[in-house]
Amino acid sequence: GDWAWVASECTGPTDACADATTCDACTARSGCGFCDGACRSGDSSGPTTGTCSGDWSWIASECAGPVDTCATNTDCASCTAASSCGWCAGTGRCSSGSSAGPSTGTCSTWSWLASSCPVIDTCTDNSTCLDCTEQAGCGYCATSGECVSGGLTGPTRGTCADWDYTSTQCTCSPPAAACTMDSMCCGDLSCRRGASFGVRCCTESTGTCGTGADCCGYMDCVAGRCTCRAAGRGCLDNRDCCSNTCTAGRCA
């Protein structure tokens with residue numbers, strides 16, 4: 001054979017499979033399999049030389065690895081109810097594991113029992129003070145601009161310096177009042193320009209109105225409802241148009 005006198009002469013034969021760097025590329029070649037992050041010569045039973053400490057992938061379908069059946073659960077309650085499954089709130093995923101954590105990787109927000117699942121506050125679905133206070137058990141924290149669970153004296157968790165628990169406590173502007181942001185307006189009103197007024201609280205499409213002056217942008221009041229504008233009609237911004245596209249002052 002070849003006489004090796006210095007280390008540089010010790011290379012030996014090169015594995016023809018070694019230059020394939022991914023599992024898919026490797027298994028696409030004849031006589032090649034993927035294991036431990038490398039492509040090596042072998043057959044369906046394993047590599048020709050040495051051993052494989054991980055899973056030996058001989059065909060492309062084996063490259064993805066085993067499927068975690070827990071992953072089909074999309075919320076904490078269904079996940080923790082399934083056998084050998086736990087919920088990681090940090091990633092929003094359900095995976096196989098034990099009470100100590102997931103089988104693979106780590107999770108600092110691991111829920112193994114339903115009782116440890118994060119509490120979902122349904123009050124947060126409301127974005128305005130009026131909508132919030134109309135829902136039982138919800139209050140609006142004007143300080144943070146959030147709707148959360150609570151009672152007359154304050155939120156269930158944490159504190160709030162400006163707490164509104166009834167609609168009469170909400171501070172907002174009615175139609176025609178000047179504003180700088182939507183949260184200053186009552187109910188579903190928006191803060192934007194109109195055809196006959198500057199920036200103030202006004203009614204969007206499908207909202208109730210008395211006259212066109214109540215409606216935002218260039219929209220009209222038809223049969224007591226603000227109506228979006230058809231293609232070709234003048235507009236101030238996208239929200240005026242039924243197509244939701246205002247280009248060069250005209251609805252698309």
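**Pockets and a buried serine**

Guide: Strand β5, residues 93-98, gives the most to the lining of the second largest pocket, with four residues. Keep in mind that this is a predicted model.

Visitor: How much space lies in the second largest pocket, and which residues are the closest to its centre?

Guide: About 190 Å³. The lining has 14 residues, and T91, R93, S95, P102 and T104 are the closest to the centre.

Visitor: What makes a residue there count as nonpolar, polar or charged, and how does the lining divide?

Guide: Residue type decides: Asp, Glu, Lys and Arg count as charged, for instance, and Gly is among the polar ones. On that basis the lining of the second largest pocket divides into five nonpolar, seven polar and two charged.

Visitor: Back to S95 in strand β5. Why does S95 count as buried?

Guide: Buried means under 20% relative accessible area. S95 has 19% relative accessibility, so S95 counts as buried.

Visitor: Which residues does S95 touch, leaving out those up to four places away in sequence?

Guide: D68, C70, C79, S84, C85, G86, P102 and W110. One of these, P102, is also among the residues closest to the centre of the second largest pocket.

Visitor: And what is the volume of the largest pocket?

Guide: About 250 Å³. Of its 19 lining residues, C129, Y140, T171, C172 and S183 are the closest to the centre. That lining divides into nine nonpolar, seven polar and three charged residues.

Definitions and conventions: Residues are numbered from 1 along each chain as its sequence is written. This is a predicted model: local features need pLDDT of at least 70, side-chain atom pairs count only at pLDDT 80 or more; totals for chains, interfaces and linings use all residues. Side-chain values use heavy atoms; hydrogens and water are left out. On a 1 Å grid over the protein atoms alone, a cavity is a set of points where a 1.4 Å probe fits but cannot get out, and a pocket is an open set with protein on both sides within 12 Å along at least five of seven lines; lining residues have an atom within 4 Å of a point. Grid points are joined across faces, edges and corners, and a volume is the space filled by probe spheres set on the points. Helices (H or I, at least four residues) and strands (E, at least two) are DSSP runs, numbered from the N terminus. Buried means under 20% relative accessible area, exposed over 50%, partly exposed in between (1.4 Å probe, protein chains only). Contact means heavy atoms within 4.5 Å.
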